[in-house]
4 protein chains.
Amino acid sequence: MNTIEKLTEIFKEFPGIGERQARRFVYFLMFKNSAYAENLSKLIVELKKESSQCGECFRFFLTAKTKSNLCDICSNSGDNSLLMVVEKDSDLESVQKSGIYNGKYFILGGLVPIVEKNTKNRVRIEELKNGLGANDAIKEIILAFSLNPQGDYTDQYVREELTEIVKKKNIKISSLGRGLSTGTELEYSDNDTLKNALKNRQ
Amino acid sequence: MNTIEKLTEIFKEFPGIGERQARRFVYFLMFKNSAYAENLSKLIVELKKESSQCGECFRFFLTAKTKSNLCDICSNSGDNSLLMVVEKDSDLESVQKSGIYNGKYFILGGLVPIVEKNTKNRVRIEELKNGLGANDAIKEIILAFSLNPQGDYTDQYVREELTEIVKKKNIKISSLGRGLSTGTELEYSDNDTLKNALKNRQ
Amino acid sequence: MNTIEKLTEIFKEFPGIGERQARRFVYFLMFKNSAYAENLSKLIVELKKESSQCGECFRFFLTAKTKSNLCDICSNSGDNSLLMVVEKDSDLESVQKSGIYNGKYFILGGLVPIVEKNTKNRVRIEELKNGLGANDAIKEIILAFSLNPQGDYTDQYVREELTEIVKKKNIKISSLGRGLSTGTELEYSDNDTLKNALKNRQ
Amino acid sequence: MNTIEKLTEIFKEFPGIGERQARRFVYFLMFKNSAYAENLSKLIVELKKESSQCGECFRFFLTAKTKSNLCDICSNSGDNSLLMVVEKDSDLESVQKSGIYNGKYFILGGLVPIVEKNTKNRVRIEELKNGLGANDAIKEIILAFSLNPQGDYTDQYVREELTEIVKKKNIKISSLGRGLSTGTELEYSDNDTLKNALKNRQ
């Protein structure tokens, strides 16, 4: 493979990028001046050097000058009685950016496939248990997964796995509320959404 | 205007139909045999003859042999302690088809525009009040509007208008629950949905 | 089936209309006043009474006062040395509306399926031959089918079927030109379009 | 700006990439191991080192071992009596990949904006003239621009600019053929496409 083909293969791994667009990226780079390419190249290496995975919530973050192995959310103040468990980094980003939540996070690293034997290899359930064991501040765990069959299954799975520890430490477990979301039109709602909206009326 | 143009104008009023499709409907009818057209023509007239508006919930229904001025939901048994207020007939159909609700309905006939003087001319708020005044079975009114600014505004409007009567008759008012709906992905959720989902966690 | 269900079934046959929209049409009609429904009903019957199929080009048209069995295009002046063969009424409408063509038409009544035995039952090839036999004005037949495999196959089929008669009567056969169409971007063109565009460069 | 923000800005310049996807690219890179990032970084620099712009057709290409300043199409055999003038590198790629054309290319570097004073600064019209002046093999120039107003305008512009030289050197100028392209349905065709298809029937 020549350099064009090699780069195309790499860009194809980028999220949402297919063969055709990967190739357009390569031609775009050939077309831009050397300074642009060198800057991009340098920043990619710096990004990896500067970023590490938080020892507590497991998200990726820029270490910057801190030299801490904790991300800014885990090391800063904020409500440490709340722990929101999410699937992935971008879910955390989305909640954090909304400004509606002031607690801590834990990134599970995936959803639990409904048909799967070795679940523990896929998600950080042991890391979650260990973290809870060493932490006496947490009063409530909020399970915050997308509303689809796999998210539902993961919700149940985590609840079961944590049964013992939340009982022992007297921690409450909750899941995000369900019902109408922004833009939901009654006429076109599915049965589950209507059922949740009716059950959770207030 | 010739018959093709006249019919095109009429079909353009059908929900979701533009000029081009309206015209295709006319050509479709020219193309079909006469029996088809006569059957359609006859059924349209029959539909109007057989249908009337329910005196209690205000939806349109087929009178059939009953000769009653009440629709089957209003005249049948079912939980008459619950009254769900919806915007339009198709919302009622959607909830009814889901099989999750066994109570009565009231069709408001529209949402309240946010900028509008003569609201009362637009929705059946007086009819709703009169109905409640004459009914001692109702224990809870469920406001079930689509989740958008106009739906929100209508929710508030109806609550205000009913303040006195629900107090006097000791009726509870609730609104459909809000939060994640089927298919909601955390990463792409808007702030309002996240806020509702967090607030209504359980 | 009650009237609502019967009408829904009929509207489901309308071009591009599914179950859900068919049902919305019925509720829309229940909701409109009787005058609207009666007018629609009456116009549908009138449309069928006033429309007939042209004895020459086979399109459907409004007979109006003329009492002729020929449509306005076939009976009017215009270039009767050109005959454009199209698949269906709406193709004729589209060409006619563009104002680029002043000749006559023939509606084949369909495309020829690539895998099919009894082709003659499906398209009006015999009617086309008979029409040509009785007509000495035509100098050129223009085959105007959509550019897809079935359209291509129909083009070949008609050319073969007409071989003898066009030779005998010294009629030219042509097909619509191929190449770039409005909006075609070179970068995203398929090979066939590029090939036609290159071959037909001028 | 921190490294995440800087990289996001750079990815936003990539073709077809907006703010949100640019940010997803950055998180994707943080998430991948260092080897992946280093490989990508290295290949980007190599790509720029290995690529140069062809001295004749002006496309970007990998120099590889050749050390020639001509790309493989310009230096290889092939029909050097044909010169296809295209807007950009990806147009050339598309035609070349189709395998329908065996001649040479010239990349104009853009389309000529319809309202613009200093056109010459935008496209390589002088380079094209100079190239033609020094080349006695070319017998036909094929203008191959996308079929939109700007492409049309560029076609006319290039024809005017080359009037003198093609006359002097007896070179033919042609443009890609127009008409139905793959998938065109007669019923939904625009007037220009119908007009071209009719005019170019054969």
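Which pattern does chain A follow when read along the sequence? The answer is α-α-α-β-β-α-β-α-β-α-β-α-β-α, and the secondary structure of chain A amounts to eight helices and six strands. Helices (H or I, at least four residues) and strands (E, at least two) are here DSSP runs, numbered from the N terminus.

The structure is a predicted model, in which local features need pLDDT of at least 70, side-chain atom pairs count only at pLDDT 80 or more, and totals for chains, interfaces and linings use all residues. Residues are numbered from 1 along each chain as its sequence is written, while chains are lettered from A and ligands numbered from 1 in the order in which they are written.

The overall form of chain A may be considered next. Along its principal axes, the C-alpha trace of chain A spans about 60 × 50 × 35 Å. Its radius of gyration, taken over C-alpha atoms, is 21 Å, well over the 17 Å that the globule rule gives for 202 residues, so chain A is more spread out than a compact globule. That rule is 2.2 Å times the number of residues to the power 0.38. Of the 202 residues in chain A, 37% are buried; a residue is buried if 20 or more other C-beta atoms, placed from the backbone, lie within 10 Å of its own. Among the contacts in chain A with a separation of 6 or more, 46% join residues 24 or more positions apart. Two residues are in contact if their C-beta atoms, placed from the backbone, lie within 7 Å.

How are chain A and chain B related? A rotation of 180 degrees with 0.1 Å of shift along its axis superposes chain B on chain A, with an RMSD of 0.1 Å. The superposition is by least squares on the C-alpha atoms of residues with pLDDT of at least 70 in both copies. The two copies are thus related as by a two-fold rotation axis. Within chain B, G179(B) comes closest to the rotation axis, at 2.4 Å (C-alpha). The same surface serves both copies, since 100% of the contact residues of chain B recur in chain A.

Other pairs of chains stay apart. No contact joins chain A and chain C, whose closest C-alpha atoms lie 10 Å apart. Chain B and chain D likewise do not touch, with their nearest C-alpha atoms 10 Å apart.

How values were computed
Buried ≥ 20, exposed ≤ 12 C-beta atoms within 10 Å, placed from the backbone.
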